[in-house]
Amino acid sequence: MSVIKKSLFSEKEVEVGSGADNIIMAIESSCDETACAVVKNGREVLANVVASQIKTHKLYGGVIPEIAAREHLQAINVVVEEAFAQSGLRPEDITAFAGTVGPGLVGALLVGLNAAKTLALVYDKPFIGVNHLNAHIAANYIDTDLEPPFIALLISGGHTQIIDVRSYSEQEIIGETIDDAVGEAYDKVARLIGLPYPGGPLLDKLARDGNPKAHILPVAKVGKYDFSLSGLKTAVLRLTQKVKQEHGIDSFELESPLTKDICASFQENVSKTLLKKVKNALDERGYKQVVLAGGVAANSEIRAKFFALEKDGYRVNAPLLKYCTDNAAMVAACAYFNENTFDDINVEVFSRVK
Ligand code: KG4
Ligand code: ZN
């Protein structure tokens, strides 16, 4: 597996993904993280810099696209300079420059993608455009010897998919959510309970001290590999109203067992459903390898349930927490391993997968 990539001006050629030493600098700016990383041969991270905008968006309770784009502009030069400094490399040492093309927020994507294209043009190196979702899957190659085939569960703020990854570049989406993504459901439920943004990680933390059997919540009946989470969200809304009424309270306190039990019951419901569907996919397709990908792959209970599959002989992989949520190391890994990239310097950003 290797592809020849050319720079635009002199058409200088490099072979990417051949196992020969390739050093890729990648930039990610699809949502609320401005990130730049340098990765050697798709697996060894030489620099990983992430500037998070959480503090800003916290004020509004969610990501405001226009503000995100402006913050990316402020951070982009700093993260690129920091990545060069961390890696100890100069631009001439880089084999190719990669950037996220989509899906994501258009104004946000433009900042990082144009920076990656500019670096490629100025230093006469190939440009590699990467799909953000493929990058989340490729995060699993970092620091491991993992190779396809495997089943990937991609769970992020915008997507929930079960993917049959047959090779580094060939994959088939075999199931997905018909409404909310898992991360979106976490964030919405967190808001219902009154938790501050971003709700997912905090809900996870509170759930650890709660009773997962305190409340029985519904599981939607959809296609065998598909998900539907909007009914669950409504069920949690009714549950919060009922609990408030029964206990004569107007809001939930963070440290209250009432709050923690709702969090734990929701988390149990989601993690159990994810595991069941993925286990079916593994067994029906005869796979023994499974990987988690996307921001919600950082979730403690989902990780625990999936890693428990190891005792039944499955190989389970999940990226380190810092490579689960948005980062650029995964973009560089994807640029190295996945031949399905957008290498045309004129490629335009896209907000949704067509
Ligand atoms: O992949 P990501 O960083 O951005 C997207 O591409 O969407 O995922 C962000 C999502 C958010 O919804 C966030 O609440 C969720 O991942 N998340 C978590 C946890 N850490 C991040 N959800 C549940 N438990 C966590 N520990
Ligand atoms: Zn993401």
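Colleague: How do β4 and β5 pair?
Modeller: β4 and strand β5 (residues 44-52) run antiparallel, with eight bridges. Pairing requires at least two DSSP bridges between the strands. Strands (E, at least two residues) and helices (H or I, at least four) are DSSP runs, numbered from the N terminus.

Colleague: What are the ground rules here?
Modeller: This is a predicted model: local features need pLDDT of at least 70, side-chain atom pairs count only at pLDDT 80 or more, and totals for chains, interfaces and linings use all residues. Residues are numbered from 1 along each chain as its sequence is written, chains are lettered from A and ligands numbered from 1 in written order, and side-chain values use heavy atoms, without hydrogens or water.

Colleague: Which residue of β5 is opposite Ala35?
Modeller: Val50. In the β4-β5 hairpin, three residues lie between the strands, and Asn41 has a positive phi near 50 degrees.

Colleague: And how many bridges join β3 to β4?
Modeller: Six, antiparallel, with β3 at residues 23-28. Ile27 has Cys36 of β4 as its bridge partner. Four residues make the hairpin link from β3 to β4.

Colleague: Why is β4 largely enclosed?
Modeller: Because seven of its eight residues (33-40) are buried. Buried is under 20% relative accessible area (1.4 Å probe, protein chains only).

Colleague: New topic. At what angle do α6 and α8 cross?
Modeller: Roughly 105 degrees, for α6 (residues 199-207) and α8 (residues 257-285), with axes within 8 Å. Axes are lines fitted to C-alpha atoms over the stretch in contact, with angles from 0 to 180 degrees between N-to-C directions. The two helices are therefore roughly perpendicular, a label covering 65 to 115 degrees.

Definitions and conventions:
Buried < 20%, exposed > 50% of the residue type's maximum accessible area, 1.4 Å probe, protein only. Parallel < 35°, antiparallel > 145°, perpendicular 65-115°, else oblique.
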